[in-house]
Amino acid sequence: MPECKYCHESLTRFNKDVCPYCGGKKPLEGVDSSTIDITKVLDPVSSNEAETPIKFKRRLVAGLLTIFFGLFGANFFYLGHIKTGLIALAISFLLIGGVGSLLCFVTTLTPIWSYLIPALALETIYIVLGFIYFFKQGLKDAKGVFLR
């Protein structure tokens, strides 16, 4: 968009007589409002970027990591979602430790079962998420590259 030659505010072609911002007369006289060919400014893709291949992450690996090591957030670390992996790890430990302790003190369950029940409940959730990795199309890693 062309700018006013007095106050340098962006104007439209309808404001060629008076600037609505500063009130200057004929604000577009002497101002070049032609378009610029931006294709001359952009560099072509360099050959160095073309030589480095994209490393695809596998849906099978992500699914297996989710099923077997989902409690530790291994699938998120594999896909490059480090913060999400740390959050999943913290949630797993808090749920197993908190609910397990609650079951241990409130119920008559043995301590091993009071901690194993929340762990098995979380593991069933991660098994379902693992099968989602196996069968759902269009999943991406942290870099935005589709899983193969």
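**Aromatic cluster.** I looked up the cluster and found Phe 131, Phe 134 and Phe 135 linked by ring pairs; rings of Phe, Tyr and Trp (its six-membered ring) pair if their centres lie within 6.5 Å. I note that this is a predicted model, in which local features need pLDDT of at least 70 and side-chain atom pairs count only at pLDDT 80 or more, while totals for chains, interfaces and linings use all residues. Residues are numbered from 1 along each chain as its sequence is written, and side-chain values use heavy atoms, with hydrogens and water left out.

**Pair count.** My search of the whole structure gave 3 aromatic pairs. One of them joins Phe 131 and Phe 134, edge-to-face, at 5.6 Å centre to centre and 75° between the planes. I applied the plane cut-offs as follows: under 30 degrees apart is stacked, over 60 edge-to-face, and the rest tilted.

**Position in the helix.** I placed Phe 131 and Phe 134 in helix H5 (residues 111-135), 3 residues apart and therefore separated by about one helical turn. Helices here are DSSP runs of H or I with at least four residues, numbered from the N terminus.

**Second pair.** I recorded Phe 134 and Phe 135 as edge-to-face, because their ring centres are 6.4 Å apart and their planes stand at 80°.

**Accessibility.** I read relative accessible areas with a 1.4 Å probe, protein chains only (buried under 20%, exposed over 50%, partly exposed in between). Phe 134 is buried at 18%, Phe 131 partly exposed at 41%, and Phe 135 exposed at 64%.

**Charges over rings.** I required NZ of Lys or CZ of Arg within 6 Å of the ring centre and within 35 degrees of the ring normal. Lys 57 lies over the face of Tyr 78, 4.9 Å from the ring centre. The charged end of Arg 148 sits over the ring of Phe 56, at 3.9 Å from its centre.

Key
Helix = DSSP H or I, 4+ residues; strand = E, 2+ residues; numbered from the N terminus.
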